[in-house]
Amino acid sequence: MSETTPLRLIKRYGNRKLYDTSESRYITLDEIARLVRSGNDVKVIDNENGDDMTAITCAQIILEEEMRGPHLLPVNFLRQLIRFYGDELQAMVPAFLEYSIGQ
């Protein structure tokens, strides 16, 4: 999380609606994408059980962006990423990717 930007907590409801607790209003995936692009740290939690849904929500945003085109992620990268699921290296991939982008 950034030291200058407060965490934006978004609650995801069973009907897939997203609620921005900072602004007390429902929010769309496009609006979450704009928040992230502008430097906000966003955390999405399931309203019912408190599970962290941030990664899933980010993946949904990426999928929508990829469907609009032009594509940011090369197909070979996506294939390799799929291959890592269930592989013994799966646990190391997140740390490697974070290191690669300087996070």
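These questions and answers concern a predicted model, its sheet and residue D46.

Me: What makes β3 and β4 the edge strands of the sheet?
Reply: The open sheet has four strands in the order β3-β2-β1-β4, with mixed pairing. β3 (25-27) and β4 (41-46) each pair on one side only, and are therefore its edge strands.

Me: How do you know that β2 and β3 pair, and in which sense?
Reply: Pairing requires at least two bridges. Strand β2 (residues 18-20) and β3 have three bridges, so they count as paired, in the antiparallel sense. In this pair, D20 stands opposite R25 in β3.

Me: What does helix α1 touch, and how is its direction set against β3?
Reply: Helix α1 (residues 29-37) packs on the sheet and touches β1 (7-12), β2, β3 and β4. Its direction makes about 85° with that of β3.

Me: Which strands does helix α2 touch?
Reply: Helix α2 (residues 54-68) packs on the sheet against β1 and β4, and its direction makes about 110° with that of β4.

Me: Why is D46 said to have no salt bridge?
Reply: D46 lies in strand β4 and is buried. The nearest side chain of opposite charge, R12, is 6.0 Å away.

Me: What makes the approach of E48 to D46 a polar contact?
Reply: The backbone nitrogen of E48 lies 2.8 Å from a polar atom of the D46 side chain. The cut-off is 3.5 Å, so the distance meets it.

Me: Which residues does D46 touch, leaving out those up to four places away in sequence?
Reply: D46 touches R12, D51 and M53.

Notes: Residues numbered from 1 in each chain as written. Predicted model: local features only at pLDDT ≥ 70, side-chain atom pairs only at ≥ 80, totals over all residues. Heavy atoms only, no water. Helix = DSSP H or I, 4+ residues; strand = E, 2+ residues; numbered from the N terminus. Contact = heavy atoms within 4.5 Å. Axes fitted to C-alpha atoms, helices over the stretch in contact; angles between N-to-C directions. Buried < 20%, exposed > 50% of the residue type's maximum accessible area, 1.4 Å probe, protein only. Lys, Arg positive; Asp, Glu negative; His and termini not counted. Salt bridge = Lys/Arg side-chain N within 4 Å of Asp/Glu carboxyl O. Polar contact = N/O pair within 3.5 Å; in protein donor to acceptor, adjacent residues only side chain to side chain.
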